[in-house]
Amino acid sequence: MSSDSPLSGWVEEKRSAYLYRVIAEVEKASVRGGLFRELAGEAENQARIWADLAGKSDATLPEYRPDMRTRIVARLVRRYGPRALRTVLAAMKVRGLSIYTQPVLGHPRPVSAEESEARHRGVQSGANLRAAVFGVNDGLISNCSLILGVAGASSGSTVIVLSGVAGLLAGAFSMAAGEYVSMRSQREMFEYQIGLERKELAQYPEEEAEELALIYAARGLPRAEAVELADRLIADPENALDTLAREELGLNPDELGSPWGAAIASFVSFAIGALVPLLPFLVLVRGAALLTSIVTTGVALFGVGAIISLFTGRSAVRDGLRMLAIGAAAGALTYGFGSLLGVGLA
């Protein structure tokens, strides 16, 4: 059926109502349970609007039965909770998920779209820095382990260099492909959900405002103020979709970067890390290269660990030594396995 047909809209709203009731059942001991019960009622109201439109177009509405995907998601929500499944639920048109990601109840609420936007500034740059640091770290540990494993099994520098280059390229392309698919999938989901919100804003803006008011009220805003704020935000066409993405879907548009940009950044950061243990073998003879590779990789691991402390808030020395210990353990194990394999093949 067409995604723009009344029948499609009716099915989506009935599915949402079903999942809202499942979440309300799981959250029955908290204030969130009340929110999702009310959202289920709003979804049923919106389903009736689509049903009326279907009647005008002579479409026949069947009895709603959850499909296999919906039943699987419902079972996962009952087992693991809605917080763990919020990305999946957002993709299935479940609203109100920002209650799991926004400040706790009772915190001051934004009173304008500008305040809501300001609260998210800097998120993208911080996420990029974190991804770059961990990309370098992955390259360091994986390629150092590979090189040491090959060095333990073979005495030939050519074999070590070829293995190191292969490890660098394979790992960098794998990281890039993974980041591209991840970012592309997130963006496609966001674009699809925004398309649904745009359609619903045009079809029933009052009901969308009511959903938004329920979410604000559940997060601690007095009911009258929640209704006033929701009406004001929905009435502003330029900011309404952005607000709905943040507050109903729990999605932050600022976190959705370019898939190609993420892929290139992942490729480069991994390659930089993987080059550190490989570079000595490109410029030095075997004995000196192995020792230099171990030392430079150790220094780099300590440095990466110290940088990671910026995200953990812990001691730079502590995190640096921990990362050095992890890398040393991985390198020692692979060197040992390589030595045993080399003896076995000799």
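Trainee: Is Phe267 buried, partly exposed or exposed?

Mentor: This is a predicted model. In it, Phe267 is partly exposed, because its relative accessible area is 26%, and buried would need under 20%.

Trainee: Which ring does Phe267 pair with, and how is that pair described?

Mentor: A pair of aromatic rings is described by the distance of the centres and the angle of the planes. A search of the whole structure gives four aromatic pairs. One of them joins Phe267 to Phe173. The centres are 5.0 Å apart, and the planes make 65 degrees. That counts as edge-to-face, because the angle is over 60.

Trainee: Where in the chain do the two partners sit?

Mentor: Phe173 is in helix α7, residues 157-203. Phe267 is in helix α11, residues 259-283. They are 94 residues apart, so the pair links distant parts of the chain. Phe173 is exposed, with a relative accessible area of 52%.

Trainee: Which residues make the nonpolar surface patch?

Mentor: Leu275, Leu279, Leu282, Val283 and Leu284 make it, and the patch covers about 430 Å². Leu275 belongs to helix α11. Leu275 is partly exposed, at 35% relative accessible area. It can join a patch because the cut-off is over 30%.

Trainee: How many contacts does the stretch with pLDDT below 50 have beyond near neighbours in sequence?

Mentor: Residues 104-124 form that stretch, with 42 such contacts in the model.

Definitions and conventions:
Residues are numbered from 1 along each chain as its sequence is written. This is a predicted model: local features need pLDDT of at least 70, side-chain atom pairs count only at pLDDT 80 or more; totals for chains, interfaces and linings use all residues. Side-chain values use heavy atoms; hydrogens and water are left out. Rings of Phe, Tyr and Trp (its six-membered ring) pair if their centres lie within 6.5 Å; planes under 30 degrees apart count as stacked, over 60 as edge-to-face and the rest as tilted. Helices (H or I, at least four residues) and strands (E, at least two) are DSSP runs, numbered from the N terminus. Buried means under 20% relative accessible area, exposed over 50%, partly exposed in between (1.4 Å probe, protein chains only). Patches are made of residues with over 30% relative accessible area and no salt bridge: like charges are joined within 9 Å, nonpolar side chains (Val, Leu, Ile, Met, Phe, Trp, Tyr) within 5 Å. Accessible areas come from the Shrake-Rupley method with a 1.4 Å probe; for residues, only the protein chains shown count as cover. A salt bridge is a side-chain nitrogen of Lys or Arg within 4 Å of a carboxyl oxygen of Asp or Glu. pLDDT is the predictor's confidence in each residue, from 0 to 100. Contact means heavy atoms within 4.5 Å.
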